[in-house]
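Please look through the structure below with its charged side chains and its nonpolar surface in mind.

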Amino acid sequence: AWIQSSDKAFNLVEISSYATLLNCAAAGMGVGLVPESLIRLYPFPETLKVHRLAKQWSQSNTFLIWRNGFETAAINAFTQGIKHN
């Protein structure tokens, strides 16, 4: 919705590695959306320009999925640890 609200044209690419995404942004290849906590861990933060999203775009839902029938003790412990009321 945030991208669609713009009058700019975008080429979207999904990158599965945060390190790769941050390195691409630092190299000038585009922009990325990452949690602020990752920027604090990035070893070269001076190579990045950080822009906070407007409040209306700053929250998102994250979904955790796994193969049906393959629930493990680790998955159960993880999901119990991240449950929100």
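**Salt bridges, a surface patch and a buried threonine**

R40 and E36 lie four residues apart in helix α2, which spans residues 36–41, and they are therefore separated by about one helical turn. The coordinates discussed here belong to a predicted model, in which the protein has a mean pLDDT of 86 and 98% of its residues reach 70 or more. Confidence in the protein is highest in helix α1, residues 18–26, with a mean of 94, and lowest in α3, with a mean of 86. Where pLDDT is low, predicted coordinates should not be read in detail.

With this in mind, the charged side chains can be taken up again. How many salt bridges does a search of the whole structure find? The search finds two. One of them links R40 with E36, and the closest N and O atoms of this salt bridge are 3.7 Å apart, a distance that falls within the 4 Å cut-off used to define such a pair. R40 counts as exposed, with a relative accessibility of 61%, whereas E36, at 41%, counts as partly exposed.

E36 also forms a salt bridge with R52, and here the closest N and O atoms are 2.9 Å apart. Because E36 lies in helix α2 while R52 belongs to the loop between α2 and α3 (73–82), this pair ties together parts that are 16 residues apart in sequence. R52 has a relative accessibility of 61% and counts as exposed. Through salt bridges that share partners, E36, R40 and R52 are joined into one network.

The next topic is the nonpolar surface. Which residues form a nonpolar patch there? The patch is formed by L64, W66, F78 and I82, which together have about 370 Å² of accessible area. Among these residues, I82 has its place in helix α3 and is partly exposed, its relative accessible area being 39%.

Helix α3 also contains T79. Is T79 buried or exposed? With a relative accessible area of 16%, T79 is buried, since the cut-off for that class is under 20%.

Note on methods
Residues numbered from 1 in each chain as written. Predicted model: local features only at pLDDT ≥ 70, side-chain atom pairs only at ≥ 80, totals over all residues. Heavy atoms only, no water. Helix = DSSP H or I, 4+ residues; strand = E, 2+ residues; numbered from the N terminus. Buried < 20%, exposed > 50% of the residue type's maximum accessible area, 1.4 Å probe, protein only. Patch = residues over 30% accessible without salt bridge, like charges linked within 9 Å, V, L, I, M, F, W, Y side chains within 5 Å. Areas by Shrake-Rupley, 256 points an atom, 1.4 Å probe, with all protein chains shown as cover. pLDDT = per-residue confidence, 0-100.
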